[in-house]
Amino acid sequence: MQRGVLTPGSTVKPELRWHLAETVLWREWDGDVVAFAGTSGATHHFTEFAAWLFVRIAAAPSTADELRAAAIDEVDITGDGTLDQSIDVTLRLLSDLLLVTPHATAADMAAAVAH
Amino acid sequence: MPEECFHLRIGPFHARVETALRHLSGELRRFYPDAFFAERPFADFHVRIRRAHGLRRWYRPQAIFELDGETPFKPLPFGQALALFEWGMNHCIAGQAHHYLIIHAAVIERNGRAAILPAAPGSGKSTLTAALVHRGWRLLSDELTLVRMADRQLVPLARPVSLKNRSIDVIRDFAPGAVFGPRIDDTTKGTIALMRAPQASIERVSETALPGWIVFPQWKAGSPASMTPVGKADAMMELARNATNYHVHGADGFAALCETVDRSACRRFVYSDLQDAVAAFAALSDRAA
């Protein structure tokens, strides 16, 4: 299993499957999420789209494409470039905060190549 | 003048106090009337309040707070020795009692449920607390909320409430039976006076409580009493900001605060009149009963 690396300016690689980092604790209240990053010791508060995306990843590790499809389906967002940008920015934010980490499985890489 | 040595029980803590300042030991007997006990082999804090040496012994004399032989603060004018002791005890507890999660907040209790009142300086927290504990609420603490990590119970201290400037006379008028110490002028916070915890609060200092509310108070001139809901995530973040040793507890601290928020209805409270504030808190408590 290959561990993905985010580089500044690059879009999120489609083969990366995002999951909660180890030592993350979190709680959701009324759609808002409060998360504790064990690595940094910091506590963060997310609302709206970032909260939705965090909860989605917490429920099941997901690729950006899977998050995109779920957003269109669950949140009734149109699948335009703005959505991709939002997913990209949010994943990078959560990664920078040490709350989520990406892995690339062989199956995901194969699927990315097929597309 | 020979030093006096006595042992004080302050909530769950034992402080061994040495001082030659007779006026201080007298005031401590007034504010901690049931807390003096015979010498014990172990104390949580070893505290000494002494006169400064040298010229400051006579010229504008100063008092010095020592903890375990160290001097954590600058000296203060001799007349502020009582305030120095109280601030010193805050330092002792906040700096060492890490078997508690410590939140900078008042905490009061009525009908078995506690209200935690986190607030910034100048918000009117202490004035509100002083009023409420003379109208049916029990004082657990005016300054430091102690969440016992083992079982998330809130542990009382029943220490004096520190009032500043105009609020001293406001509470004297509101609660004529309240016991006050002398006014202490020219402190960094202006004029302060300590108000003893009500006797009923002192007698129940061993009774813990579980939280029922988190209320963020704010005094605002001319404002009618207004209690509005606060989202639990917002309340959680504010509690974390007010938790002085949150960084010590890490994940356990996060879990403890989450449980505290889970148990609590969260409100923001704006007020200007104490009678209205008392009524609002009574309604809050009565609805939950």
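Let me start in chain A. Helix 1 (residues 48-59) of chain A packs against helix 3 (residues 81-96) of chain A at an angle of about 70°, with the axes 10 Å apart. Helix 1 of chain A is therefore roughly perpendicular to helix 3 of chain A. Helix 1 of chain A passes helix 3 of chain A in a right-handed crossing.

Some ground rules. This is a predicted model, where local features need pLDDT of at least 70, side-chain atom pairs count only at pLDDT 80 or more, and totals for chains, interfaces and linings use all residues. Residues are numbered from 1 along each chain as its sequence is written, while chains are lettered from A and ligands numbered from 1 in the order in which they are written.

Now the terms. Helices (H or I, at least four residues) and strands (E, at least two) are DSSP runs, numbered from the N terminus. Axes are lines fitted to C-alpha atoms, for helices over the stretch in contact, and angles run from 0 to 180 degrees between N-to-C directions. Under 35 degrees counts as roughly parallel, over 145 as roughly antiparallel, 65 to 115 as roughly perpendicular, and the rest as oblique. A crossing is right-handed if the near helix is turned clockwise from the far one by less than a right angle, and left-handed if anticlockwise.

Back to the crossing of helix 1 of chain A with helix 3 of chain A. Which residues make the contact? From helix 1 of chain A: A:Phe49, A:Ala50, A:Leu53 and A:Phe54. From helix 3 of chain A: A:Ser86, A:Ile87, A:Thr90 and A:Leu94. Contact means C-beta atoms, placed from the backbone, within 7 Å. By class, this contact has six nonpolar, two polar and no charged residues. Nonpolar covers Ala, Val, Leu, Ile, Met, Phe, Trp, Tyr, Cys and Pro; charged covers Asp, Glu, Lys and Arg; the others, Gly among them, are polar.

Next, the sheet in chain A. Three strands form an open sheet in the order 3-4-5, with antiparallel pairing. Strand 3 and strand 5 of chain A are at the edges with a single partner strand each, so one side of each has no neighbour in the sheet. The twist averages 15° from one strand to the next. Strands pair when DSSP finds at least two bridges between them. Strand 3 and strand 4 of chain A have six bridges; strand 4 and strand 5 of chain A have five.

Take A:Val33. A:Val33 is the bridge partner of A:Glu28, and A:Val33 also stands opposite A:Phe46 in strand 5 of chain A. The hairpins each show a positive phi. A:Asp30 has one near 50° in the hairpin of strands 3 and 4 of chain A, with two residues between the strands. A:Gly41 has one near 80° in the hairpin of strands 4 and 5 of chain A, with four residues between.

Is A:Trp26 buried or exposed? A:Trp26 is buried, because 20 other C-beta atoms lie within 10 Å. The cut-offs are 20 or more for buried, 12 or fewer for exposed, and partly exposed in between, within 10 Å, with C-beta atoms placed from the backbone. A:Trp26 belongs to strand 3 (residues 24-29) of chain A. Beyond four places in sequence, A:Trp26 contacts A:Val33, A:Val34, A:Ala35, A:Phe36 and A:Ala58. In strand 4 (residues 32-37) of chain A, five of the six residues are buried, so the strand is largely enclosed by the rest of the structure.

What lies across this sheet? Helix 1 of chain A lies across strand 3, strand 4 and strand 5 of chain A, at about 60° to strand 4 of chain A. Helix 8 of chain B also packs on the sheet, touching strand 3, strand 4 and strand 5 of chain A, and its direction makes about 15° with that of strand 3 of chain A.

That brings in the chain contact. Twelve residues come from chain B and twelve from chain A. On the side of chain B, the elements giving two or more residues are helix 6 (232-242) and helix 8 (251-263) of chain B. Helix 6 of chain B gives the most, with five residues. That side of chain B divides into eight nonpolar, three polar and one charged.

Those two helices also meet each other. The axes of helix 6 and helix 8 of chain B come within 10 Å and cross at roughly 135°. They are therefore oblique to each other.

Methods:
Contact = placed C-beta atoms within 7 Å.
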